[in-house]
Amino acid sequence: MTQTRLRTPPTYEQLRTMTGQELGVSEWTTVDQSRIDQFAECTGDRQWIHVDPERAKRQSPFRATIAHGYLTLSIIGALALDMGIVPENTQAVFNYGFDKVRFLAPVRAGARIRLRITLLSMEDKGPGQYLMKAANTVEIEGEQKPALTAETLVMLYERRRRARA
């Protein structure tokens with residue numbers, strides 16, 4: 001697979017014409033045990049499959065601790081922003097929701113993941129407001145099956161130019 005990255009953020013006009021196109025692929029990021037432990041502490045989800053490496057080595061079908069599915073899902077936003085897919089003249093970006101989330105393979109502690117994004121639609125929602133729907137695939141380095149697939153819905157607010165008095 002060839003890794004593609006946007007060099008310059010697209011404009012809103014360009015995004016409107018990119019439906020069906022891959023927007024890019026993120027850099028690899030490591031999901032280590034420390035990150036998994038921090039997520040467990042933050043959410044209160046301290047299942048042994050996530051936070052007890054010794055027990056996981058003995059009893060888990062994966063023979064290691066694994067990241068929470070929601071941890072992997074939550075990393076999508078940061079990876080997408082790092083890819084530079086948000087137009088420069090954007091005032092704000094808000095998570096609007098998810099469609100068709102599927103957790104397909106576990107992310108073992110220490111694994112590296114990356115994000116691949118394809119634009120599904122760009123819908124005008126009012127002056128300077130756009131709802132972007134994108135297909136996201138979180139790939140695991142060295143694995144055939146992705147960790148997850150999800151359609152993200154993101155509301156973008158274009159920075160308005162102030163009228164000169």
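The largest pocket holds about 320 Å³ of space. Here a pocket is an open set of points on a 1 Å grid over the protein atoms alone, where a 1.4 Å probe fits, with protein on both sides within 12 Å along at least five of seven lines; its volume is the space filled by probe spheres set on the points. This is a predicted model, in which local features need pLDDT of at least 70 and side-chain atom pairs count only at pLDDT 80 or more, while totals for chains, interfaces and linings use all residues. Residues are numbered from 1 along each chain as its sequence is written, and side-chain values use heavy atoms, with hydrogens and water left out.

**Exercise 1. Work out which elements line the largest pocket, and what kinds of residue they bring.**

Step 1: Start at the centre. The lining has 21 residues, and Ile 76, Gly 77, Ala 80, Val 93 and Val 154 lie nearest the centre. To count as lining, a residue needs an atom within 4 Å of a point.

Step 2: Look for the elements. Helix 5, strand 3 (90-103), strand 5 (129-140) and strand 6 (148-158) each supply at least two lining residues. The most come from helix 5, with 6 residues. Helices (H or I, at least four residues) and strands (E, at least two) are DSSP runs, numbered from the N terminus.

Step 3: Sort by type. You get 16 nonpolar, 5 polar and no charged residues. For this sorting, Ala, Val, Leu, Ile, Met, Phe, Trp, Tyr, Cys and Pro are nonpolar, Asp, Glu, Lys and Arg are charged, and the others, Gly among them, are polar.

**Exercise 2. Say which residues of helix 2 (residues 33-43) are buried, and what covers them.**

Step 1: Pick out the buried ones: Gln 33, Ile 36, Phe 39 and Ala 40. They sit on the same side of helix 2, because they cover an arc of only 125° around the axis; the arc is that of the directions from the helix axis to the C-beta atoms.

Step 2: Turn to the other side. There, Gln 38, Glu 41 and Cys 42 are exposed.

Step 3: Find the cover. It includes strand 2 (29-31), helix 3 (48-51), helix 4 (53-59) and helix 5 (69-82).

Step 4: See what comes next. Gly 44 follows helix 2, with a positive phi near 80°.

**Exercise 3. Describe the order of helices and strands along the whole chain.**

Step 1: Count. The chain has 5 helices and 6 strands.

Step 2: Read along the sequence. The pattern is α-β-β-α-α-α-α-β-β-β-β.

Terms used
Buried < 20%, exposed > 50% of the residue type's maximum accessible area, 1.4 Å probe, protein only. Contact = heavy atoms within 4.5 Å.
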